[in-house]
Amino acid sequence: IVGNTRHESGQYRHHEELAPNAYGTRGAGWFQWTDLGNTGGRRTNFENFANQLGVAPNTFEANNGFMLNEMRHGNQWGRGSREEFMGINDLGAATNYFSDVYLRPARATANNEARLNYAQDSLSRYQQLLAAQSSNFLSSYSI
């Protein structure tokens, strides 16, 4: 998921898509949630969710909260499911599944390789952090 968020948001620098998408709109948030023209859609749902929380759409609370709410209660999984995603134990397969089934970007711009690179980097950083915390914990209790 983190690899996909880093890719979609330009490393969390872009709240809104830089150029209009195929629907003539611009997605917003970590996943560039998109409206389908004038009919509304995921961006409108995301912004309404943030307003209901009383937070700005560019906050962690809005993005993480909407993602979790949509993943648990929405019907955005296309031809898959959250349960199927949660059962994947391979980083590459999980990254691709999340992109292809939950986010569904245009194939021409999906760039799943970049998403996987971000996922691998994020996992590596997390593992380094855990190792450092474990090392600090153990050294504070040495005899």
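Modeller: Tyr126 is partly exposed, with a relative accessible area of 48%. This is a predicted model, in which local features need pLDDT of at least 70 and side-chain atom pairs count only at pLDDT 80 or more, while totals for chains, interfaces and linings use all residues. Residues are numbered from 1 along each chain as its sequence is written, and side-chain values use heavy atoms, with hydrogens and water left out.

Colleague: Why is Tyr126 called partly exposed?

Modeller: Buried means under 20% relative accessible area and exposed means over 50%, with partly exposed in between (1.4 Å probe, protein chains only). The value for Tyr126 is 48%, so Tyr126 is partly exposed.

Colleague: Where is Tyr126 found?

Modeller: Tyr126 is found in helix α6, where helices are DSSP runs of H or I with at least four residues, numbered from the N terminus.

Colleague: What puts the buried residues of α2 on the same side?

Modeller: In α2, the buried residues are Arg42, Arg43, Phe46, Phe49 and Ala50. They cover an arc of only 125° around the axis, which puts them on the same side of α2; the arc is that of the directions from the helix axis to the C-beta atoms. On the other side of α2, Asn51 and Gln52 are exposed.

Conventions. Helices (H or I, at least four residues) and strands (E, at least two) are DSSP runs, numbered from the N terminus.
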